[in-house]
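Please consult the sequence and coordinates shown here alongside the text.

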Amino acid sequence: MEEIRLGDIVQTRKQHPCGSSEWTVIRTGADIKIRCNGCGRIVMMDRETFLKRRRKVLVQGPEPASQI
């Protein structure tokens with residue numbers, strides 16, 4: 001399974017109506033919440049849909065804290 005991190009900046013296959021195709025991941029889990037870097041619109045979608053719509057990760061978020 002591909003790792004999705006908070007703070008990832010991803011490029012989507014289609015542009016948002018504002019013209020931007022770059023999004024920042026702001027929540028992960030069963031659902032993924034992303035914010036458009038162009039207009040600030042927030043969209044929530046299930047993980048499967050997110051993985052289909054994502055083209056590539058432009059900037060990877062910070063490493064998750066190690067679990068003890």
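## Basis and secondary structure

Helices (H or I, at least four residues) and strands (E, at least two) are DSSP runs, numbered from the N terminus. On this basis the chain holds one helix and five strands, in the order β-β-β-β-α-β from the N terminus.

The model is predicted: local features need pLDDT of at least 70, side-chain atom pairs count only at pLDDT 80 or more, and totals for chains, interfaces and linings use all residues. Residues are numbered from 1 along each chain as its sequence is written, and side-chain values use heavy atoms, with hydrogens and water left out.

## Burial and contacts

Of the 68 residues in the chain, 28% are buried (under 20% relative accessible area, 1.4 Å probe, protein chains only). Among contacts (heavy atoms within 4.5 Å) with a separation of 6 or more, 38% join residues 24 or more positions apart.

The C-alpha atoms occupy a box of roughly 45 × 20 × 20 Å along the principal axes.

## Nonpolar core

A nonpolar core is a set of buried Ala, Val, Leu, Ile, Met, Phe, Trp, Tyr and Cys residues joined through side-chain atoms within 4.5 Å. The largest one comprises nine residues: I4, V10, W23, V25, I32, I34, C36, M45 and F50. Two or more of these come from each of β2 (22–27) and β3 (31–36), and β3 supplies the largest share, three residues.

Which residues does V25 touch, not counting those up to four places away in sequence? They are I4, R5, L6, G7, D8, I32, K33, I34 and F50.

Methods
Buried means under 20% relative accessible area, exposed over 50%, partly exposed in between (1.4 Å probe, protein chains only).
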